[in-house]
Amino acid sequence: MAIDTTDKKKIPVKMRKHDANLTRLFVMLILVFVLMTILRPNQFATVSSFNSMMRQFPEYGIMAIGVSLTMITGGIDLGVVGVANLSAILSAKFLISMVPKGAEVAQVVPFLIIAVLISVVTGITCGLISGILIAKFNIPPILATLGTQQLFTGIAIGLTNGRPQSGLPLLYSKIGNMEFFNFIPISFVVFLVAALAIGVMLSRMRLGTYMYLVGTNPRAAKYAGLNNAWILIRTYVLSGLLSSVAGLIMMARTNSAKADYGAPYTLQCVLIAVLGGINPNGGFGTITGVTMAILILQFLSSGLNMFNNISNFYRDVIWGGVLILVLVFNTLLTWNKERRAARRSMV
Amino acid sequence: MISLRRMTKRSEPYVFAVIVALSLLIQARSGQFFSGNNLVDLTRSLIVPAMFSIGCMMVIVSGGIDVSFPAIASLAMFVTDKVLLASNYSGNVLLAYAMSAGLGLLMGALNGFLIGFLRLPTLVVTLGTSSLYTGLMYGAFAASASDVPPSIANHGKEILFTATNASTGLTSNMPIHIFILIGALILAFFILRYTMLGRGIYAIGGDEIAAERAGFNVRGIKMFLYSFVGLLAGITGIVRISMMSYADPSTMLSMDMTVIAAVVLGGTRVTGGVGTLIGTVLGITLMTMLSNSLILIGIPTYWARAFTGAVIIIGTGVTAHQTFSSRRRRSQMQKAKA
């Protein structure tokens with residue numbers, strides 16, 4: 001009986017906490033949306049603007065999901081952009097050198113499949129390297145992935161001499177920029193699939209639970225008999241895999257691959273994860289929160305784009321400022337909660 | 001007297017050995033390494049990264065990390081430059097240093113407040129402020145390469161001595177700024193070695209909770225640490241533009257990785273608590289030598305970045321592995337005793 005009552009007590013508390021964060025994000029999302037709609041009534045809430053937003057966010061959104069996973073385990077992956085660019089460059093190089101000019105559609109398709117495979121395998125390998133450095137050589141994730149970011153970007157620069165790789169077969173960008181019902185881009189569908197898969201993995205599968213456990217308390221996880229190293233390696237492999245998918249989307253969107261494309265995405269991904277309620281110390285956060293954070297950021301960014309007099313560089317200011325404000329707010333909130341809990345226990 | 005066994009456990013002797021081996025290799029390949037002008041050139045190009053590395057090393061020793069110092073240096077020097085140009089300032093260069101150092105101090109203090117008092121994670125905070133400061137520089141101040149006031153330009157032309165290469169006739173000037181670097185090193189050495197503050201920095205890096213229980217003011221120490229990084233960064237900004245004699249806002253922005261790599265290479269333990277200034281200077285020397293002579297040792301410039309990445313990974317891997325295995329050995333010894 002005793003066990004039953006504690007269980008009953010525990011679950012609602014956890015649910016409430018979980019919901020509070022999501023509610024806060026949801027309110028923020030609505031606020032940003034309403035604000036932008038009022039400020040730019042003819043531009044913001046239109047079909048074409050939604051269509052272009054759906055084209056823009058999948059590439060960094062998918063990377064942000066990867067970063068979030070690594071942050072749930074108490075680490076961080078600063079190498080996602082490097083992995084995305086390197087895998088895109090390798091498959092672009094393959095396509096450019098192998099596909100003959102003016103080839104038939106049927107001839108090109110097998111090359112495209114191989115190119116996608118090359119990209120995905122590169123992403124997995126890169127993730128494996130980061131994961132092994134972190135889990136087996138005990139390098140702190142920050143430094144390991146700062147290093148791999150330099151290494152992967154460096155390899156990409158070295159392979160291309162820093163030049164963009166263009167001249168991909170037309171079919172690739174045609175497929176990559178396809179739209180369902182003339183409205184829903186294929187990259188958005190890919191994002192949805194990735195978010196759903198990772199969300200289900202985190203909440204329903206054993207690996208997801210293990211990730212939270214390792215992030216909450218690695219020592220406890222170890223003594224509970226978990227193979228921490230193997231869990232961490234799989235986390236970074238997943239992040240690498242997601243990054244390579246993002247790389248494929250970037251390649252389709254720009255119709256080329258470039259070694260230093262999307263450098264600000266690293267900060268943006270960390271920002272999204274923190275904004276979405278992932279605790280940088282590990283153990284907390286959901287993909288639903290992360291998805292809402294992605295939408296908030298995209299609304300903000302697209303909305304700001306509609307003001308001609310606001311320089312693009314202010315976006316850096318806003319990203320940095322929002323990141324720090326959200327962190328401060330979350331910390332103050334936790335302190336407040338702890339203080340209240342302490343007072344309650346004193347009474 | 002340091003025993004030989006303790007010597008072999010530290011990284012500094014190895015880094016020094018690598019530096020000697022590398023200089024011999026370059027000398028053998030080009031015959032120009034040990035010429036006066038090459039050594040002066042080398043010293044000249046390591047002044048700015050070495051200035052950055054002092055603060056960076058102290059932060060890593062305390063168990064944190066700071067990636068915002070290039071942004072702080074750039075914004076501080078750029079604002080100083082703009083203000084002095086607009087007011088047609090022609091007085092002493094010391095005002096430029098004081099102003100830039102003050103601005104840097106303020107920006108570093110923001111990091112220190114967020115990290116020390118709100119206990120936010122160091123990397124995320126400094127990534128955020130780095131983006132904030134860079135954005136302000138390009139957005140609010142519309143930064144682009146610009147001139148420097150005459151006092152800063154003249155300061156950059158002050159030369160200690162000139163070295164001439166006997167065989168090629170090339171000359172290199174040793175800038176007066178080397179004294180600023182030496183001064184900063186002495187100050188940092190004094191703080192780390194002879195003050196409670198310095199012991200506190202090592203103590204926090206070793207074990208933050210233990211340091212707090214031992215009576216160290218952890219918040220205050222962190223506040224000092226990040227403010228000090230900002231102050232040094234502000235000074236470094238002026239050093240850089242006076243040596244280049246024009247203010248380029250982007251010239252320092254990508255330096256963070258190389259500096260962190262050099263600090264870690266120099267034996268500063270990434271998990272905190274261990275690190276020396278001598279090791280840091282050796283690390284910076286090695287990194288500068290490598291980047292100055294990549295072509296000489298047979299690495300094309302396009303691969304320079306991959307090379308930096310590999311150096312970071314190998315350097316951090318070796319030190320992290322050492323820490324881990326020494327900790328394991330210690331716990332085994334304790335078990336054996338019990």
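## Where the two chains meet

In this predicted model, 40 residues of chain A are in contact with 38 residues of chain B. On the side of chain A that touches chain B, helix H5 (141–160), helix H11 (265–275) and helix H13 (314–346) of chain A each supply at least two residues. The largest share of that side, 13 residues, comes from H5(A). Sorted by class, the side of chain A that touches chain B has 24 nonpolar, 14 polar and two charged residues.

## A covered helix in chain A

H11(A), one of the helices that supply residues to the side touching chain B, is mostly covered, since 11 of its 11 residues are buried. Among these buried residues are A:Tyr265, A:Thr266, A:Leu267, A:Gln268 and A:Cys269, and the list also includes A:Val270, A:Leu271 and A:Ile272.

What covers the buried residues of H11(A) includes parts of both chains: helix H2 (47–72), helix H3 (80–98), helix H12 (287–305) and H13 of chain A, together with helix H6 (122–139) of chain B. After H11(A) comes A:Gly277, whose phi is positive, near 95 degrees.

If its neighbours within four places in sequence are left aside, A:Ser166 is in contact with A:Asn255 and A:Ser256. Although A:Ser166 and A:Ser256 are 90 residues apart in sequence, they are 4.5 Å apart in space, from C-alpha to C-alpha.

## The overall form of chain B

Chain B contains 14 helices and two strands. Its radius of gyration is 21 Å, close to the 20 Å that the globule rule gives for 338 residues, so chain B is as compact as a globular protein of that length. Along its principal axes, the C-alpha trace of chain B spans about 70 × 50 × 35 Å.

Of the 338 residues in chain B, 49% are buried. When contacts in chain B with a separation of 6 or more are considered, 78% of them are accounted for by residues 24 or more positions apart.

## Two crossing helices in chain B

Within chain B, the axes of helix H3 (residues 36–61) and helix H12 (residues 255–265) come within 9 Å and cross at roughly 65 degrees, and the crossing of H3(B) and H12(B) is right-handed. Which residues meet where H3(B) and H12(B) are in contact? From H3(B) come B:Pro49, B:Phe52, B:Ser53, B:Cys56, B:Met57 and B:Ile60, and these meet B:Met255, B:Thr258, B:Val259, B:Ile260, B:Ala262 and B:Val263 in H12(B). By class, this contact of H3(B) with H12(B) has 10 nonpolar, two polar and no charged residues.

## The hairpin of chain B

The strands of chain B, S1 (residues 159–164) and S2 (residues 171–175), run antiparallel and are joined by five bridges. As one example of this pairing, the bridge partner of B:Ala163 in S2(B) is B:Ser172. The hairpin of S1(B) and S2(B) has six residues between the strands, and in this hairpin B:Gly169 takes a positive phi near 80 degrees.

Note on methods:
Residues numbered from 1 in each chain as written. Chains lettered and ligands numbered in written order. Predicted model: local features only at pLDDT ≥ 70, side-chain atom pairs only at ≥ 80, totals over all residues. Pairing = 2+ DSSP bridges. Helix = DSSP H or I, 4+ residues; strand = E, 2+ residues; numbered from the N terminus. Contact = placed C-beta atoms within 7 Å. Nonpolar A, V, L, I, M, F, W, Y, C, P; charged D, E, K, R; others polar. Buried ≥ 20, exposed ≤ 12 C-beta atoms within 10 Å, placed from the backbone. Axes fitted to C-alpha atoms, helices over the stretch in contact; angles between N-to-C directions. Left-handed = near helix turned anticlockwise from the far one by under 90°. Rg over C-alpha atoms; globule rule 2.2 N^0.38 Å.
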